[in-house]
Structure formats: C-alpha cells, structure tokens
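Work through the exercises below with the sequence and the model side by side. Try each task before reading its solution.

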Amino acid sequence: MHLDPTAANVLDELATPMLRLDPVGVVGAANIAAAGWLGVGRKRLIGLHAAALEREGNTLAALLAQAPETPTRLRRMMLAFPGSEQVQ
C-alpha cells in the first residue's frame, strides 16, 4: 500500500502521528510525526503489524482482529517500537 506523493506530502505536514494500515493491520504508510514520535525511521515502521506497537495489553490486536470497516481512532494507548525503551 503506497500513498501517492501528494497524499504523502500532506500527511507529512501534520504534527499528529498517523499510520495507515492495510486490512489485516500491517503498516503501509507512516508520516514523519509517527516515526519521530516512536523514535525510529519511517522505513522501519512499514511492514510492521500495528499490534506489535502496543506496549501493554492487547486492545489494538483485538480491535484489528475484528476487522473494522471504517476508520478507527484510538486514544490513550501506550505504544513503542518493538525492543525500544521509549514508550509513548
């Protein structure tokens, strides 16, 4: 899943971290804010299953298993890149 260059540029202008997931929850695109927030380069996020970012619990994995058909916003969830000590 690739964003066209115009859409990618627009997402990179946002200060809000954003990930675009495919239907099974794999990160297909990430803006600069998301990569910076998680303390990794954007390329390291691409191809990662989003549930791997959840630091505590399995709320995200459970939601992704339900395969929501509409965009979903989650708030107040501790995330971190796998193996990182930096929790957001």
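**Exercise 1.** Find which residues G25 touches, not counting residues up to four places away in sequence.

Solution. Step 1: apply the contact cut-off, heavy atoms within 4.5 Å. With those sequence neighbours left out, G25 touches L48, H49, A50 and L64.
Step 1: G25 sits in the loop between β1 (19-21) and β2; strands are DSSP runs of E, at least two residues, and helices runs of H or I, at least four residues, each numbered from the N terminus.
Step 2: check a C-alpha distance. G25 and A51 are 26 residues apart in sequence, and their C-alpha atoms are 7.4 Å apart.
Step 3: assign burial. G25 counts as buried because its relative accessibility is 0%; buried means under 20% relative accessible area, exposed over 50%, and partly exposed in between, with a 1.4 Å probe and protein chains only.

Two notes apply throughout. The model is predicted, so local features need pLDDT of at least 70 and side-chain atom pairs count only at pLDDT 80 or more, while totals for chains, interfaces and linings use all residues. Residues are numbered from 1 along each chain as its sequence is written, and side-chain values use heavy atoms, with hydrogens and water left out.

**Exercise 2.** Decide whether N31 is buried or exposed, and list its contacts.

Solution. Step 1: locate N31 in the loop between β2 and α2.
Step 1: N31 has 1% relative accessibility and therefore counts as buried.
Step 2: leave aside neighbours within four places in sequence. N31 is then in contact with L11, D12, L14, T16, P17, M18 and R42.
Step 3: look at the side chain. One of its polar atoms lies 2.9 Å from the backbone nitrogen of A34.

**Exercise 3.** Identify which members of the largest nonpolar core touch the most other members.

Solution. Step 1: define the set as buried Ala, Val, Leu, Ile, Met, Phe, Trp, Tyr and Cys residues joined through side-chain atoms within 4.5 Å.
Step 1: the core has 15 residues, and L38, L45, L53 and F81 touch the most other members.
Step 2: β2 (27-30), α2 (32-38) and α4 (59-65) are the elements that give two or more residues to this core. The largest share, 3 residues, comes from α2.

**Exercise 4.** Describe the protein chain as a whole.

Solution. Step 1: the secondary structure comes to 4 helices and 2 strands, in the pattern α-β-β-α-α-α along the sequence.
Step 1: of the 88 residues, 27% count as buried.
Step 2: among contacts between residues at least 6 apart in sequence, 33% join residues at least 24 apart.

Terms used
A polar contact is a pair of N or O atoms within 3.5 Å; within protein, one must be able to donate a hydrogen and the other to accept it, and residues adjacent in sequence count only if both atoms are side-chain atoms.
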